[in-house]
Amino acid sequence: MRRSYSACVKQIISAAALLLCVGALAGAQTVATVYNFAGGTTSGANPWYVTLVQGTDGQLYGTTYFGGSHGKGTAFKVATSGTFTLLHSFNGGASDGAYPTGGLTLGSDGNFYGTTQMGGSGSEGVVFKMTTTGTVTVLHTFNAGTDGAFPWTAPILASDGNFYGTASGGNKNNGLVYKITSTGTFSIVYKFDQTHGSYPIAAPTQGTDGLLYVPVAEGGGSFCGTIVQLTTAGVLNNSYSFPCASGGSFPIGPLVQASNGNFYSTTQNGGTNNEGTIYQVSTGLSVSVMHSFGAFFGDGTYPSAGMALGTDGNYYGSTAEGGSFDDGTLFNISTSSSYNELYSFNNSSNLMQMAPLSPPVEYTTGLLYGVTEFGGTTNQGTVYSLNNGLTAFVNAPLFSGKAGSSVLLLGNHLSGTSKVTFNGVPASFVVHSDTHMTATVPSGATSGWIRVTTGSGTVRSRKVFVVQQ
């Protein structure tokens, strides 16, 4: 009998080994295969808990847990055409990380920021910065004796220009929230206790109110996980304890805020069938379950890493198991709880993708791209694409800034840009390539949509840009 992915992750947490449960899942399939990971010295293997991120060159960047020259994971980029480039092979030791999970975050400087679960002087993980050409700089080495250990995800870029992340270990094995600058200045923001949560896996999310919202995998009143609301200075404003059972448990996916002000994500366990939930949470931390997985034959089970908000207003996600062939699914859901299964992965014919552990990301053309942990020609994972009819848009690493600040914008066909506006106010801009440009927040602009006019038409930003006062 195949052991569930949920059991695999729970065992990792409990043992604090943080090693991939190879063999816990088998096989794979996908909508359209973009790239097959091959392991060895020239490719990565098993992208774990990874949501891809679009770079300034229009390519998709990510990490794999295994593969590369040292077998300790890689950073890579892949073009939408399928051309793959191995950027960095992690080798561990005091000067490099090892076994990265969670992918990468694009900074406003065009560089990428990420973490590894191991490596560094104490073999307890690092925070690193990487250029688009693969030059890696270790910014911080974790030490459980003085700060955190074993981070699972890349830190997020916040409105103050700093990065905020979580470490699942350290602090008496309860974990913490940290802040780090692009140059490596590190500080602890908040230390978890079991009352307010322990073992944070998800990265924080910054709400439009400037506060940090952090799902925490375990701890709380029922020891089924929590959500904490913090200031960036680390002051605890509020917390919520998941009740287990039908109310959900083991939240390991980050929250994503919708235009209605509420946040949405998944719990890997709990729900009516104990196979995971989709939930909504308000800024006051009022939580309601929108969908319990395993609700019907062929439904997905065990959603792992939350959801991504599409430009159509729906949330897109994946489940590690379930579906028509028990190889995982892709789904979307509206903020009014209209749930649709979009695709069932099928490994029965072999050489196909399976076990998507994280949601796909929407590329600026509107296509969705994601990774599977297993499957493909060598069963070491794939990059896939999904066309759900979404429209083109422009993206940014950070959708907030003051008048006069420079904003990095990503898109397509930008070379022919003739106009950029912030909520209708014209802005000065510089086009750097067909896939990225910078624009200056104009004086007098108010919060609203960014619009970019090119020879192909006018496209709108992925979300509202907030003008800071």
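In which sense do strand 41 and strand 42 pair, and over how many bridges? Keep that in mind as you open the viewer. The model you see is predicted.

**Stop 1**

Select strand 41 and strand 42, residues 436-440. They pair in the antiparallel sense, over three bridges. Now click on valine 430. Opposite this residue stands threonine 438, in strand 42.

Three strands now form an open sheet, in the order 38-42-41, with antiparallel pairing. Which strands are at the edges? They are strand 38 (406-410) and strand 41 (429-431), and each pairs on one side only. Turn the view and compare neighbours. On average, neighbouring strands of this sheet are turned by 20° against each other, direction ignored.

**Stop 2: the largest nonpolar core**

Next, select Leu409, Val420, Phe422, Val452 and Phe465. These belong to the largest nonpolar core, which has 17 residues, and they touch the most other members. Which elements give two or more residues to this core? Show strand 38, strand 39 (419-422), strand 42 and strand 43 (450-454). There is a general pattern to recall here: in soluble globular proteins, nonpolar side chains tend to be buried together.

Zoom in on leucine 409. Leaving out residues up to four places away in sequence, leucine 409 touches Asn395, Ala396, Leu414, Thr435, His436, Met437, Ala439, Ile450 and Val452. Then zoom out again. Another core, of 15 residues, lies apart from the 17-residue one. Among its members are Trp48, Tyr49, Tyr65 and Ala98.

**Stop 3: threonine 454**

Go to strand 43 and pick threonine 454. Is threonine 454 buried or exposed? Its relative accessible area is 10%, so threonine 454 counts as buried, the cut-off being under 20%. Look for its neighbours. Not counting residues up to four places away in sequence, threonine 454 touches His413, Leu414, Gly416 and Thr417. Now show serine 456. Its backbone nitrogen lies 3.1 Å from a polar atom of the threonine 454 side chain.

**Stop 4: methionine 354**

Finish with methionine 354. Select strand 32, residues 353-354, to find this methionine. Methionine 354 is buried, because its relative accessible area is 0%. How far apart are methionine 354 and phenylalanine 325, in sequence and in space? They are 29 residues apart in sequence and 9.9 Å apart in space, taken from C-alpha to C-alpha.

Note on methods. Residues are numbered from 1 along each chain as its sequence is written. This is a predicted model: local features need pLDDT of at least 70, side-chain atom pairs count only at pLDDT 80 or more; totals for chains, interfaces and linings use all residues. Side-chain values use heavy atoms; hydrogens and water are left out. Helices (H or I, at least four residues) and strands (E, at least two) are DSSP runs, numbered from the N terminus. Buried means under 20% relative accessible area, exposed over 50%, partly exposed in between (1.4 Å probe, protein chains only). Two strands pair if DSSP finds at least two bridges between them. Axes are lines fitted to C-alpha atoms, for helices over the stretch in contact, and angles run from 0 to 180 degrees between N-to-C directions. A nonpolar core is a set of buried Ala, Val, Leu, Ile, Met, Phe, Trp, Tyr and Cys residues joined through side-chain atoms within 4.5 Å. Contact means heavy atoms within 4.5 Å. A polar contact is a pair of N or O atoms within 3.5 Å; within protein, one must be able to donate a hydrogen and the other to accept it, and residues adjacent in sequence count only if both atoms are side-chain atoms.
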